[in-house]
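Here is a brisk report on a model with its chains in contact. Look at the structure first, then read on.

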Amino acid sequence: MGLLTNLKDSISRVTDGLFAADEPKRIGIYGPPNAGKTTLANRIARDWTGDAVGPESHIPHETRRARRKENVEIERNGRKVTIDIVDTPGVTTKVDYKEFLDHDMDKDDAVRRSREATEGVAEAMHWLREDVDGVIYVLDSTTDPFTQVNTMLIGIIESQDLPALILANKTDLPGSDVQQIANAFPQHETIPLSALEGENMDEVYTKIAEYFG
Amino acid sequence: MPGPTPDVDDDAPSDDSDDGVRIDMISGARMDGLTGMEKIRLILDGVRDGNIVILEEGLSPDEESKLIEVTMTEISPDDFTGIEIETYPKAKAGDQSFLDKLMGRKSTQKLTVIGPANQIETLHKDENLISTLVSRK
């Protein structure tokens with residue numbers, strides 16, 4: 001039964017790929033809050049379309065709705081790859097409005113932000129199960145990658161057989177440790193970058209074309 | 001065979017005392033008979049009561065994804081701020097048996113600790129040790 005199911009899934013994936021070869025792939029940008037997902041989404045969108053995806057902020061959960069930038073054409077080595085970028089809210093298992101009170105918000109604003117954040121995380125999980133063709137997983141290279149959220153999300157992505165590119169962001173900051181991320185997820189390739197400064201974006205685009213083209 | 005609405009409170013004494021923290025250790029056999037949503041309900045009902053839930057065999061990635069999603073829908077200000085969850089890292093694919101690989105089976109067996117986010121704090125975690133600080137409500 002397992003063999004038959006796997007065979008059927010494999011055939012389905014191949015035929016889907018043949019018939020949808022020209023369709024843009026939906027690539028979800030995932031990761032914990034404040035990893036720099038929106039900064040990366042904006043960097044990619046600005047580099048290839050001239051537009052941004054959404055506002056960036058140092059306050060956690062600035063992105064509270066999945067936002068899509070469609071038909072981003074990336075050219076690499078004479079090859080053109082078209083993707084839809086889906087910038088998702090940072091995934092977490094807990095949201096406490098009191099944490100926002102430290103960012104000059106009154107209680108009403110903090111409660112509203114936390115409510116929107118929880119809806120956004122639920123939406124992001126739904127997208128991951130149903131609506132993305134590949135994942136760019138963004139981590140802050142100045143923080144410990146051995147967190148439960150990272151472990152669970154990478155496990156979920158792997159269980160769906162989605163192609164995943166792991167990016168070690170914020171290499172411009174002191175304390176950045178790319179090797180720590182590579183050690184945490186040795187089964188995946190880790191690409192260092194600073195989305196804010198635009199460092200190493202050439203390699204990022206080459207890998208996007210390679211993984212999702 | 002567990003019933004359709006699982007409840008670990010069936011034979012347990014009341015836990016409404018402020019004297020301690022209740023820990024429910026749920027066997028893999030108990031979870032085996034439940035649907036994904038029943039497992040999530042069993043976990044969240046316990047955690048929302050302030051209990052620590054320990055699963056002998058953990059959840060599948062899909063169930064973990066749904067646990068996060070359902071947790072988010074239940075968070076409410078000054079009441080429930082979410083969950084803290086810890087598992088040992090999943091065994092590497094190389095550790096799977098040949099038959100498991102051939103049949104596409106992926107082992108999800110991993111001891112998992114879940115508790116209310118405002119009562120459980122992870123002090124240390126590595127491949128062989130999860131150390132947590134549990135406080136009363």
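## Where the chains meet

Chain A puts 25 residues in contact with 26 residues of chain B. Two residues are in contact if their C-beta atoms, placed from the backbone, lie within 7 Å. On the side of chain A that touches chain B, the elements giving two or more residues are helices H1 (2-19), H3 (107-130) and H4 (148-159). H3(A) gives the most, with 9 residues.

That side of chain A holds 12 nonpolar, 10 polar and 3 charged residues. Here Ala, Val, Leu, Ile, Met, Phe, Trp, Tyr, Cys and Pro count as nonpolar, Asp, Glu, Lys and Arg as charged, and the others, Gly among them, as polar.

## Basis of the model

The model is predicted: local features need pLDDT of at least 70, side-chain atom pairs count only at pLDDT 80 or more, and totals for chains, interfaces and linings use all residues. Residues are numbered from 1 along each chain as its sequence is written, while chains are lettered from A and ligands numbered from 1 in the order in which they are written.

## Chain A fold

Chain A has 6 helices and 6 strands. These are DSSP runs, numbered from the N terminus: helices are H or I, at least four residues, and strands are E, at least two. From the N terminus, the order is α-β-α-β-β-α-β-α-β-α-β-α.

Of the 213 residues of chain A, 38% are buried (20 or more other C-beta atoms within 10 Å of the residue's own, C-beta atoms being placed from the backbone). Among contacts in chain A with a separation of 6 or more, 70% join residues 24 or more positions apart.

Methods
A residue is buried if 20 or more other C-beta atoms lie within 10 Å of its own, exposed if 12 or fewer, and partly exposed in between; C-beta atoms are placed from the backbone.
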